Amino acid sequence: MSKVKCECGHLNPYGTYLCESCGKPLKEDDNSLANMRYEGVARRSQTYKKSIVDKIWNFFSSVKVGVWIIVLTLIASSIGTIFPQEMFIPPGQPASVYYYEEYGTMGQLFYQLGFHNLYSSWWYMLLVAGLGVSLIIASIDRFVPLYRALKTQRVTRHPGFMKRQRLFKKADTVTEPSEEIKKASEVLKERKYNVREENGNILAEKGRFSRWGPYVNHVGLIIFLIGAMLRLFPEMYLEDHIWVREGQEVEVRGTGGEYSVRNDDFLVEFYDPEDERFREGLERSGGDVVKTYQTTATLFKQSSETIGAGEKEEVQQHRIRVNDPMSFEGFSLYQVDYKLNELAAFTFALEEIDGDSEGLEDVRFEVNLYDPEPSYEFDNGYRVEIYDYFPNFTFNDDGEPSTLNRIPDNPRFIFEVFAPGEDDGELSFVGIQLNEAIEEDNQYRLRMVDFETNHVSALAVRRDRTLPILILGGIIFMVGLVQGSYWHHRRMWIQERDGELWIAGHANKNWNALKKDFDYLAEQTNIPAPNDQTDEQDESERTDEGVREADDNGSTKQ
Amino acid sequence: MKKRRLIIRSAILVVLAIALGYTAVTYFSEERGLVDAGDQAPDFALEDMNGNTVHLDELKGKGVYLTFWATYCTYCRQKMEYLKEYHEEYQEKGVEIVALNVDESTVQVQRFLDRHNVPYTNAIDRGMKVSNAYGVNSLPAVLLIDEEGDVIDRQIGGKTEQQVLEALDQLVPGSE
Amino acid sequence: MAQLSSNLLLIAFFLYFLSTLMFAVSVTGRRFKDKKGIERNRLGTYGYISSVAAFVLAMGYFITRWIAGGHAPVSNMFEYTTFLGIMMGLGFVIIYPIYKSRVLGLFTMPVVMLIIAYASVFPTEIQPLIPALQSNWLKIHVITTALGQGILAVGFAAGLVYLVRVTDFKTKSKKVTSLELVFFGLLCFVGHILLNMGFSAVNYEAEFQYINEFGQEAPITYQLPALIGPNEGTLLSEDRLSPLVNAPDFIVPDDLNAVIWAFISGAVLYWVLRLIFRKPIGGALQPLVKSVNPQSADELSYRAIAIGFPIFTLGGLIFAMIWAQIAWTRFWGWDPKEVWALITFLFYAAYLHLRLSRGWQGEKSAWLCVIGFAIIMFNLIFVNLVIAGLHSYAGM
């Protein structure tokens with residue numbers, strides 16, 4: 001693994017294709033065009049292939065492997081969209097049955113292969129991790145040598161280097177080559193080229209910084225992926241939701257009791273079907289189209305560390321809408337769902353089953369369904385007690401009356417009515433469209449005469465501490481992408497050799513612009529524009545592949 | 001030169017492997033509760049069904065069997081039966097049972113407790129503040145808090161009589 | 001205002017057609033040579049001017065519709081697809097001055113027309129925005145994405161020019177077959193558009209009652225004869241073709257039906273053209289591109305991709321994430337449309353790596369441009385219409 005010494009005296013690392021300093025091809029082969037990728041320098045991964053560490057390093061450094069990882073990620077991603085992911089199937093449906101019932105055998109297979117949670121599967125994450133590792137190692141592996149090569153490049157290049165550039169010409173008809181070169185240097189400086197001179201030869205260069213574009217965007221991507229990785233830690237990313245009724249104040253989950261939010265008002269607004277602008281559009285969609293979902297919310301902050309104690313302080317009020325969350329201290333509250341007209345209160349009136357209910361007109365009471373009072377007493381001596389209450393009535397496993405949950409979707413009461421002076425009450429079972437006496441020969445009946453409802457709003461609670469990292473990564477990525485795509489590294493070498501003028505040019509992309517610059521130079525001076533050697537080749541034999549050596553790993557080592 | 005390169009490469013690969021490995025372990029390991037074994041139990045002060053204040057901080061020196069329940073939770077009812085039976089025995093040994101109902105209406109809870117003659121301390125966690133602080137998402141949920149105020153275990157789901165007894169034994173001060 | 005808007009679009013469409021004609025005459029003129037070389041060039045310039053004028057009028061459509069509806073017209077299939085066509089036209093307007101390739105005009109303009117005509121198959125009424133779509137970030141996201149995709153589509157046109165130029169159509173080969181498949185695909189679009197225009201001109205409608213994906217009974221109206229009926233559908237209209245089979249409920253049945261009709265009509269058109277030309281479509285087009293230097297067609301398509309890729313990434317991923325963070329509470333949610341934007345990104349990233357590092361130029365690279373365009377169209381049509389998700393315009 002010794003270094004390779006070029007005839008110009010420069011010591012090149014093993015595996016170098018073109019001398020870093022003068023550009024002489026160090027490996028004699030046919031007269032094909034020079035491989036200018038990475039300036040012909042030795043990529044580090046190609047140099048040593050001994051230990052296991054080097055093997056792993058080389059694996060991830062290879063563009064071939066990188067592209068394979070990209071392609072595999074691409075294919076895997078597309079497979080995940082064949083059927084919906086588990087998170088998109090209707091809630092409450094067990095995935096094990098849903099996929100078979102909806103999509104048949106294919107769906108069953110999709111489920112059994114675990115594709116219903118593809119994007120959080122270990123192997124998909126492994127692919128993305130592989131992509132990240134590949135990005136890091138490939139960038140390190142290429143950046144350093146490229147930097148060296150561009151830094152150490154000499155103005156006067158070896159004839160072998162010149163001859164093998166895609167744009168090249170030898171002109172022996174120019175009368176005063178050195179004068180022309182001087183003139184060319186002025187012309188190119190005007191065109192914003194950076195011109196270096198050495199022994200009367202020039203190297204004109206423009207847009208070198210675009211060569212760093214790929215590395216900059218890779219750094220951006222790496223930062224972005226680090227952000228995405230951190231998001232997997234619970235401390236960095238919080239995802240929760242709360243339901244808040246109008247008028248109710250609820251703790252914002254995840255804030256450790258520090259913040260609570262009150263729903264002052266919830267509103268759903270529809271587009272006016274008579275609106276001239278949208279009349280036809282609304283007719284087509286057939287139903288009402290929602291214009292706004294909005295929760296007017298007030299945020300409170302709790303002062304004490306002990307839960308249930310301390311003072312509250314109003315922090316802010318905000319109209320939370322879709323696309324307009326409420327934000328505080330890294331948390332955001334989003335409008336995500338709602339429930340209209342949830343039952344909130346019933347009003348009951350007492351009446352006699354057989355009779356004119358005289359004297360019972362004032363026995364009316366409102367029962368709050370979220371937290372009913374246990375007992376209701378009246379001036380005329382009547383008393384109603386709640387014997388039991390089931391907000392969402394059901395019979396439990398033991399066959400006893402019970403409730404499904406706390407939400408008053410199907411409220412039922414067992415009332416006990418005490419007539420004045422009586423110690424024994426009458427029990428009756430009351431609910432929506434239901435009113436039955438539990439014992440026979442009841443004298444009284446409670447009739448529901450009114451009810452109230454509330455809107456309930458669902459707010460998603462999010463805190464994503466990785467956002468700044470992701471934003472930084474995104475910005476760097478875009479800067480690098482633009483830098484590498486919209487600017488191009490162009491170089492012109494013009495030298496005088498034995499009275500002849502040698503002209504060569506190279507662009508990392510956009511040869512068209514370089515050719516135009518050469519044409520301009522030819523107009524302004526007597527230096528002729530170089531020929532495109534690939535065009536000449538094209539005429540003799542048409543190649544499908546273009547002209548460069550295609551092998552990434554192989555062509556420079558032996 | 002060659003050696004230095006090997007060291008640099010190895011170092012980079014090791015750093016990458018550790019970072020990815022750590023992430024994977026965290027992500028794929030069993031979900032840890034917001035408050036779990038080893039954590040300091042968050043303090044709370046609630047009014048119980050008899051109008052007395054239950055302040056966790058004041059229970060230091062005793063083991064606390066903190067159980068979250070609801071009237072509609074079948075396993076909670078089973079557990080309640082075991083607790084009723086052993087409540088007195090363990091109170092003498094210095095173990096306090098504190099049951100927190102998850103925000104049901106007072107009438108419901110009071111009637112339920114009366115009907116089942118529940119003797120130990122019960123309070124309603126209005127607004128789910130304590131449940132949220134302890135990260136309780138499913139019922140029944142139990143936190144075993146030792147005499148120092150540290151959580152020694154977090155138990156989710158139904159438990160047998162035997163398991164409830166073992167849990168209570170763990171809580172007896174000085175039992176470790 | 002809305003009427004003015006659609007008139008402007010119609011005029012723009014005809015200008016695109018005019019532009020196509022001028023480029024065609026300008027390119028073929030060479031065969032009947034010559035002496036009038038100057039005139040030929042002038043026709044190419046007129047073609048370009050016509051495409052610029054078409055773009056200006058199309059922007060007139062865009063602005064007037066924006067004023068009429070009160071929101072940027074990029075919120076349903078008609079609006080987005082039209083805008084994509086306009087942006088592809090803009091991509092050409094940007095790239096033509098750099099390379100002065102008339103053949104590129106000849107290939108790009110018809111694709112622009114095709115996309116705009118395809119858009120008009122969808123309902124064109126102005127629809128109000130649901131809350132999730134009421135966001136400035138959404139406008140920015142969609143407009144940038146369309147511009148990026150439009151420029152990438154120009155890369156496709158250039159890739160196609162390259163392939164037609166270099167492929168040997170005299171002998172049968174996989175390359176010929178594949179290229180013919182591409183033309184077949186484009187003809188399916190033509191067929192789809194013609195069928196829809198034809199049937200809507202005679203007001204064809206077939207009504208069904210069916211069970212939708214939520215297990216509820218719903219009505220559905222087919223605009224084309226039903227080959228594939230809806231899930232457990234019953235035909236309500238009289239004198240209408242009754243379907244051969246019914247689709248399962250997770251598929252939007254009338255769209256699947258339309259796709260099948262598109263393939264049938266595409267096949268018919270294809271064979272008619274084969275009979276007329278008596279050779280592959282690509283072979284028939286080859287004389288048009290004789291004058292093209294393959295090397296410059298290759299570089300052109302690469303440039304288009306290199307210009308379009310950053311814009312697409314910015315619009316389709318970065319702005320999309322910003323909008324998603326605000327509207328859907330998270331910047332990324334693995335919604336099918338998001339996934340396909342990612343796939344498009346990964347695909348073109350692979351293209352750039354293969355080209356820059358592994359020397360995939362010329363033919364391979366041109367094929368990748370074609371596949372890339374196929375992915376974009378797949379994302380536009382299939383993912384929007386067939387796979388329902390957050391972005392789905394199907395219900396609107």
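Two strands count as paired if DSSP finds at least two bridges between them, helices (H or I, at least four residues) and strands (E, at least two) being DSSP runs numbered from the N terminus. The model is predicted: local features need pLDDT of at least 70, and side-chain atom pairs count only at pLDDT 80 or more, whereas totals for chains, interfaces and linings use all residues. Residues are numbered from 1 along each chain as its sequence is written, chains are lettered from A and ligands numbered from 1 in the order in which they are written, and side-chain values use heavy atoms, with hydrogens and water left out.

**View 1. An open antiparallel sheet in chain A.** Five strands follow the order β14-β15-β18-β19-β20. At the edges lie β14 (375-377) and β20 (434-437), each pairing on one side only. Four antiparallel bridges join β19 (residues 426-431) to β20(A), and A:S428 stands opposite A:A437 of β20(A).

**View 2. The loop residue A:R164.** A:R164 belongs to the loop between α5 (159-163) and β3 (167-171) of chain A. With a relative accessible area of 8%, A:R164 is buried (under 20%; exposed is over 50%, partly exposed in between; 1.4 Å probe, protein chains only). A:L33 is 131 residues away in sequence, yet the C-alpha atoms of A:R164 and A:L33 are 4.4 Å apart.

**View 3. Salt bridges between chain B and chain A.** The two chains share three salt bridges (a side-chain nitrogen of Lys or Arg within 4 Å of a carboxyl oxygen of Asp or Glu). One of them links B:R126 to A:D371, with the closest N and O atoms 3.4 Å apart. On the side of chain B that touches chain A, α1(B) gives the most, with 15 residues.
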